[in-house]
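These are my notebook entries on one structure.

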Amino acid sequence: MAARGPAGTRGGSTRFAQFKLVLLGESAVGKSSLVLRFVKDQFDDFRESTIGAAFLTQTISLDDNTTVKFEIWDTAGQERYKSLAPMYYRNANCAVVVYDITQASSLDKAKQWVKELQRQANENIIIALAGNKLDLVTSHPDKRAIQTADAEAYAREAGLLFFETSAKTSENVRELFTSIAKKLPLDQAGPRNPRAGGRGGVELRSETPGTNANGPCAC
Amino acid sequence: MASSARTSTDKASADFEHIPPTSSPQSLSKAVHARRAEYTRPQKIRVKIGSWNVAACPGTEKDLAGWFVEGKGIDKRLAGLQIAEGIEDNGSQEHIESVDAQEARRKKKESTIPRGDEGIIAGGDEIGIYVLGLQEVVDLTSAREYIGRVYTDPEPTAKWRKALTDSIPPGYVLISEQQLSGLLLFIFASPTIAPTISSVSTVSVGTGIMGYLGNKGAVTTRIVLGETTRLVFVNSHLASGTDPAHLDRRCWDVAQILQRTHFEPISWAGVLDDTQEGIGDEDFAFWFGDLNFRLDGLPGDDIRRLLMLHTKGEYDLGSKSRNKIDGELDDADGPIVIRSVDSDSDSEGDMPKTNTSDRSDGSSTDLPDPDDFIQDPSQDPASLQATLDSLLPHDQLRHVQKKRKAFHDGWREGPITFLPTYKYDVGSMGMFDSSEKKRAPSWCDRILFRTRRDKAEYDGKVKEEALARIKDDEMKARGIDHAGDDEDVLFDYNPDEDGAEEAANNEYDEYDEGGDDAGQAVITKEGFVDRIHLDVYTSHQRVLSSDHKPLDAVFTLEYDAVVPQLKSKIQQEVARELDRAENEGRPGITVVVDSSPDSPQTDGPSDGPTPRRVSTGSAEGVEFGHVAFLERKSRSLTIANTSAVHTTFAFVDKPSVSGEDRIAPPWLSVYFVGSASDEDERAKKDLKREVTLEPGDAVNVTLEVFIDDISLVKELNQGKAQLDDVLVLRVTDGRDHFLSIRGTWQQSCLGRSIDELIRVPEGGVRALRPPRHGSGAHVNRGSEVCWSAPRELFKLTEAVELLTDRVIADSNMLDNAHLPLEAPGWPFSEHSWTLQDKSARETRKRFVLEALDSDKSLNDSFPPELPSREKLEIMAEVLLLFIGSLTDGIISESLWTSLDHDMVARGTKQLTDPEEIKTWVLDVLSAAPNHNISFVFLTSMLCRVASELAPVPKFSWKEQVAGSARSSMETMRRSLSWKGKAPPLPSDPGVVRRQAVEKAYAEVLTSVVFRAPAAPMKEKERRALEEKRRDILEAFLKGGRDT
């Protein structure tokens, strides 16, 4: 007996999506620093290495109607903890694989992570490759060990988003996360809640078919 | 420190009821809503509501554009238009087509709207929302037809949608449409308003035949405007008929519609509200349609004729209808006052408002404003308005409102300044039903409205009355008869309040002073201040195509609408704040590794190269130092809640190499201290337990390493396994902590092969260079053969023999050192041990193993105070453990295969003589000299021990074997001569005991000496196999009888 109005007539509704994001990469490439910059807009020159997996959340607005909340798992990069990584990329909707553009070996490690993710993780996972410490090469170009073009070519081939970032100067940090958010399937539900109680389990409602695809917000 | 952990969960959580905010859609939406004032801006729109019973007349849709959208077809003389805001054109209607001409050209397929009419009320794109309620869009004369048509025929909806779409300005958006039988409700919104409308929900309620069919009932749509304001539109067709029973049915219909209308939950910013709303939850409601209320208590025909005097007065000369009316009026009896209205007053478009209803129901004592007096048509006894006012007190709708039977809870109506809308001859402007029935004209068609405030005031009043009644009853009960007087006093006490009550009581009397100009302020459910004002309420007398006249009302609605851009900005701010609060208010712990409690004693000088600090953070992890077989070592952690909120955490499973998720490796136990440390089983359960700590509280965790698994020992010896693991400590809603666990394996002589052991240099296995991490290769020093048999075996057998002598000596000298000789297996059989305490044995075994591994004297390894008996038992057990842990075994797989092969070959003629058996076995074993020697070491030791513990006097044996039992090929050769001699006397108790001891030793040793392919076999085969092996061992024991 009840009828709804035709689509497109209702305005003002917003969609809210929640996604699990995991950061992977060799030790000391700046995973935690990227998160700290993104979440708190801060930078520490000296950070202790992460023992465990730090958990943070950050909500960003893609446009007037779309809000994306990231549940960020910042993992320990040390080899010793490598076997624990599946705990974090399991059920992840997106991953940021970080390397240090001044350390050639860190890209090899990143490639291993990408391979593992593509083999073991959720098959629809969105992976972004981030070459961090861009600030180091702007002042001393000779410090660069990995050419942008090489990494970019690899990223294209492997189907990854690619950014060179600096957690220190915040260059491309927000862009990195925003572009991931834009690639995520906003019409589907957010992550299944892998942990009992509390967080996650968000049902996404998208009621506005005519969402305007504005650029990223400036928040 | 630890005790708080247990009780914390039970502790009243009152202290921590403040749950840190998190950015969920709910909290986000709530926090955003709290700042709504920042993102809403006032909006002002016009809402036009039209209602028309088209009586299934053909061509009615042709008139829709004219009256509903363009505001045409109003006869100012017959519609007072006292509410004038919505009227744009004050000009005369002189150039409009005459009624006569209009009626004359009427055809079914053409619009009946008078030509030249430019329309005088707001329409077109001045209207934000158009709401049209139609009744009888299909012919409902029979129920069958109704059932046949209503669910199958989309044609009426399509026809009317087209008529409406064609007439409203382009760009207007259809918000909702629904047909229920003859009822049809459309809502269209302007291009700017449409996107701000959300949560549209339409519900149909049939109250007709059998109380459910749709020939009567309502179609209701709820919309939310600008994310702030709920509007409800009810288009209803109530039961018809003039009998009192019909009136009751109409009231029943209304009650049913109210009761059965439930909208879908409202979606606020994508989040569904959890309450289902109905009519009454809205901020503004509009109820319109053919409500079918009649005029009671007056002869129908009198009303017709009285009204037709007025319609006649407005007619152009020569009109067809007029002639007809004149004809009727001529027949009338009695005096009828006819007043022709002069054109001056007719063209007066901007008449002052009047409190017509106040006067008509006689409840008001207000005197009219003297300034209005002359101009007020209702004060002119001959005016149309005066006539209408005299009829309105007979209106059933007003009666039921007053009697609180229907529409009494806050519903209001604009002043009726127009002729009854029913029933006219189709095609005429002013001819009331000229058919046989001559139905009494009545205001069947109405547009009512109600604000949230109206309803609240009514509800408040009802509550007040109930209280007053209770008070009244109480007073009467107390015998006070002045209740009535008191009420009067109360009533008169405050004239203002009195007036307010009056207004609430007479809902249709809404336009009292003050509320008029600005519109009535209404606090909406969402807490905004909105205003509504009725601009126009009139009928379109000159629409001729139906027997009902259409009527419409224009409202001006002022409301606070959400501005999406502002809202999204606030939303971003709020999300940022919530994230910050969420991340800062996250539960968290600090893990501290405590100094080890057992460092000086068991760690020894060889422990880790770096001295442990008193306490460290968790980053360095837990270092157990050197860990040896059967060595228990524990470390302690303190976990403190260093966050500001209560924190729950637990050790969690993690993926392991073996594929099975587990919390900790098998060699590590983890338990929370003060909870279950006493029992292993509980500790295991405890491992999975969640612990909740309040801020500032802490709990201790004990980690204990213990290795008793020989297969793990083998892997550790070879470097295939490491004492290296990571525990994951997970804080609920917080981060994970990794706790690194490390230990250094102390090489053990257990779990090695004879081949390996004969290469172990002086200094024991500890002297071996530790294998490289993960190499898995064999010990890489000790490549040279140093011994003919494992020195550990030699030392152990020697120690057992020595201790045997010792215990016998002790038992002879000391009173309390008697031996458990009743058990033949002692000291090798597990059941025979006098010291059964497992952990006490473990500690004692550690002494022996430590001495073995570091090549120290076994005899000095025990603390001197231990009784020899215990020492012997422990030594015997370590011997068995050692032999059992040999990877190849003393009788290796290949040696056993050879033996077995020979036995199979012999078939039924098996060897029975012990000497023959020994010869044959030693012959086979000679293929592996190291094994051979080990075997001889072992068996001759057993013989000696047996003979010591179960001596048989010389005379008991017919033949004695002289010389030492110390194994040598010489002895064995000589023992062959025993063959064929008579067996010992069975009756001798010493001999019987000795045989029992031999049998028991053979039984215990069988399980550790032999190795064979682990082929699955039946129980019977297995027993036969064991018997064969035991026979061999027994033969050696018998063959070793030396005294």
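What share of the contacts in chain B with a separation of 6 or more comes from residues 24 or more positions apart? I find 75%, where contact means heavy atoms within 4.5 Å.

**Ground rules.** The model is predicted, so I note that local features need pLDDT of at least 70 and side-chain atom pairs count only at pLDDT 80 or more, while totals for chains, interfaces and linings use all residues. Residues are numbered from 1 along each chain as its sequence is written, chains are lettered from A and ligands numbered from 1 in the order in which they are written, and side-chain values use heavy atoms, with hydrogens and water left out.

**Chain totals.** Chain B has 31 helices and 25 strands; helices (H or I, at least four residues) and strands (E, at least two) are DSSP runs numbered from the N terminus. Of its 1043 residues, 55% are buried. Buried means under 20% relative accessible area, exposed over 50%, and partly exposed in between, with a 1.4 Å probe and protein chains only. I put the accessible surface of chain B at about 45400 Å², with 52% of that belonging to carbon and sulfur atoms. Areas come from the Shrake-Rupley method with a 1.4 Å probe; for residues, only the protein chains shown count as cover.

For chain A I listed six helices and six strands, in the sequence pattern β-α-β-β-α-β-α-β-α-α-β-α. Buried residues are 57% of its 219 residues. In chain A, residues 24 or more positions apart give 74% of the contacts with a separation of 6 or more. Chain A exposes about 9400 Å², and carbon and sulfur atoms supply 45% of that.

**Helix pair H23(B) and H25(B).** I looked up residues 791–813 (H23) against residues 868–885 (H25), both in chain B: the angle is about 155 degrees and the axes are 9 Å apart. That makes the two helices roughly antiparallel. Axes are lines fitted to C-alpha atoms, for helices over the stretch in contact, and angles run from 0 to 180 degrees between N-to-C directions. Angles under 35 degrees count as roughly parallel, over 145 as roughly antiparallel, 65 to 115 as roughly perpendicular and the rest as oblique. The H23(B)–H25(B) crossing is left-handed; that is, the near helix is turned anticlockwise from the far one by less than a right angle, clockwise being right-handed. On the H23(B) side the contact includes B:Leu796, B:Val800 and B:Leu803, and on the H25(B) side B:Leu872, B:Met875 and B:Leu879 are among the residues met. The contact residues divide into 13 nonpolar, three polar and five charged. Here Ala, Val, Leu, Ile, Met, Phe, Trp, Tyr, Cys and Pro count as nonpolar, Asp, Glu, Lys and Arg as charged, and the others, Gly among them, as polar.

**Helix pair H30(B) and H31(B).** How do H30 (residues 989–1009) and H31 (residues 1019–1039) of chain B cross? Their axes come within 8 Å at roughly 130 degrees, and the helices are therefore oblique to each other. This crossing is right-handed. The contact includes B:Glu998, B:Lys999 and B:Glu1003 of H30(B), with B:Arg1029, B:Arg1030 and B:Glu1034 among those of H31(B). By class I get five nonpolar, one polar and eight charged residues.

**Helix H13(B).** Seven of the eight residues of this helix (384–391) are buried, so it is largely enclosed by the rest of the structure. Among them are B:Gln385, B:Thr387 and B:Asp389.

**Backbone checks.** Most residues other than glycine have a negative phi, and most peptide bonds are trans. I found the B:Tyr422 to B:Lys423 bond cis, with omega near -5 degrees; B:Lys423 is in the loop between strands S11 (412–413) and S12 (445–451). The bond joining B:Trp826 and B:Pro827 is also cis, omega about 0 degrees, and B:Pro827 sits in the loop between H23 and H24 (838–853).

B:Ser199 is not a glycine but has a positive phi of about 50 degrees. B:Ser199 lies in strand S5 (residues 197–206) of chain B and is buried at 4% relative accessible area. B:Asp855 likewise has a positive phi, about 55 degrees, in the loop between H24 and H25 of chain B. Its relative accessibility is 19%, which counts as buried.

**Last entry.** B:Glu61, in the loop between S1 (40–53) and H3 (64–69) of chain B, is buried at 17%. Not counting residues up to four places away in sequence, B:Glu61 touches B:Lys159, B:Trp160 and B:Ala163.
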